[in-house]
Amino acid sequence: MKTQIEGISIKDVARLTSPVGWILLARPVIYFIFTRRRDLDSYSSVDMSAMIFILYAFVAFWMACIDIFRSESGFGRAVTSRSPILWFLIYSVFGVVSMAWSVNPPLTGFRAFECVATALLIVAVVQDLFDRGSLKFVMTWSLLYCVWDTIWSLIRMGQWAPDLATLLQASQMMSTCFFFIAFYFIPRRWYNWLVMVMSIFSMSTVAYIGMILGCISGFWTNVKGKLMTGVIAFIILLGVIAIGPYRIIKNTIFFDKNDVSLEETSGRNLLMNATLESLDENPMGLGFFAAEPYVLYSKGLQAISAHNSLFSAAMGMGIPGAIIFAVFLLALFRCVFSRHIPREYRAMLIGCFCVAFMHCMGNPSVGTRVFGAWMPCMYIFVLVCGFYVFGKYYELKNHSSDEVGCQNISDESTYSEEYKHHENNLGNKKLS
């Protein structure tokens, strides 16, 4: 099966996947096999399923550290020290420190460590993608990673989904985060269309808002794309004036709700009130993640997360935690709109970032435990930072950014030798 890179199939992409890449790809499989439903008040219980994920976190952390610190290119180290990912690591370390005042210190400590381990694993994977191929290879692998996770989500939901409409909601968070890569990355293959279909029928209000916001990415495409985006924006503006913003929002984003209001946001207004009350009573929070179920259950709210990254930060680590996470998000905004992002990939990354950002504002995501939209959002954030670091600190000497190190991939043995000794992409770049 063909990919966007001529001469390279999905099988070839799999062959080029690094050990840390396979560890990342193993996560949805492990999740499918070992995850089981439990009562909400059993969130901190340690059973066989929990032990598997604890082991996975330690393996991920160990392998990621080895990969990052042994890399000759130093790309992963640059991402963790010269991009907004540094702020996330500071936030996570502060999460570990919050064990000192946590309502459940062991739970806080592990969940913060799990965030660090998983983030470093994604950094190691992105580092190896830049090391092993081209920028086009980075995007191809990333899109296929989304498809891989989506397929396992379909299998998991297919076990009980009563109809096709429900099944199409299986990847509400993963597929929507990658929608703009699937849309812009050409030539479009079957997996592009799978991601776009799953996104369009995701039935996620938060994701739809992010996708609408992400349409601004069209202004960072070619002249034709900019003109088309401008025309569409003008038509939408005329429609809003003629029909009225309330009716448009009610019949699109809030089409399945009774009204357009905070009260119709599936209880998120109650979570916001609970956060503000908790912050007023505990300015330093009650411990990373452990605070959320503790506070929400005490108020009779059946949720394990605050459904907003800043609320999660505030509940767990108080005002300092919320400030650190806000700085992380602001740094990401500055990063994704930077001139250092290669022009060909700027629209994809801006669009995906908008969706990921909205997931952070309306779903369990980065800022709390690894759950919900955490994986796709963190992957997009690291991907953005990877392209930023590549454009700002690395100088490509021998290859075009759109070429794979070796085009003759049909001869596997020849390719392996050339790849191993001559065609390491970042090996031909120099850290400024």
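Start by selecting Lys392, which sits in helix α19 (residues 374-393); helices here are DSSP runs of H or I with at least four residues, numbered from the N terminus. Keep in mind that this is a predicted model, in which local features need pLDDT of at least 70, side-chain atom pairs count only at pLDDT 80 or more, and totals for chains, interfaces and linings use all residues. Residues are numbered from 1 along each chain as its sequence is written, and side-chain values use heavy atoms, with hydrogens and water left out.

**Around Lys392**

With a relative accessibility of 32%, Lys392 counts as partly exposed. The scale to remember is this: buried is under 20% relative accessible area, exposed is over 50%, and partly exposed lies in between (1.4 Å probe, protein chains only).

Lys392 and Arg339 are 53 residues apart in sequence, yet their C-alpha atoms are 8.8 Å apart in space.

Zoom in on Arg82, in the loop between α4 (75-81) and α5 (85-97). Arg82 is partly exposed, at 35% relative accessibility.

**The salt bridges**

How many salt bridges does the structure hold? There are 3 to visit, each needing a side-chain nitrogen of Lys or Arg within 4 Å of a carboxyl oxygen of Asp or Glu.

Select Asp12 and Arg15 for one of them: their closest N and O atoms are 2.9 Å apart. Both residues belong to helix α1 (residues 10-15), 3 residues apart, about one turn of the helix. Asp12 is buried, at 10% relative accessible area, whereas Arg15 is partly exposed, at 29%.

Next, jump to helix α6 (residues 105-132), where you will find Arg111. Glu114 forms a salt bridge with Arg111, the closest N and O atoms lying 2.8 Å apart. These two are 3 residues apart in helix α6, which means that about one helical turn separates them. Are they buried or exposed? Glu114 is buried, with a relative accessible area of 4%, and Arg111 is buried too, at 12%. The side chains of Arg111 and Glu114 also make a polar contact at 2.8 Å; such a contact is a pair of N or O atoms within 3.5 Å, where within protein one must be able to donate a hydrogen and the other to accept it, and residues adjacent in sequence count only if both atoms are side-chain atoms.

Then select Glu277 and Lys299, a salt bridge whose closest N and O atoms are 2.8 Å apart. Glu277 lies in helix α15 (residues 268-281) and Lys299 in the loop between α16 (291-298) and α17 (309-336), so the pair ties together parts that are 22 residues apart in sequence. Glu277 is partly exposed, at 40% relative accessibility, and Lys299 is partly exposed as well, at 34%.

**Last stop: Ser175**

Finish in helix α9 (residues 174-177), which contains Ser175. At 0% relative accessibility, Ser175 counts as buried. Show Ser171 too: the side chain of Ser175 reaches the backbone oxygen of Ser171 at 2.5 Å.
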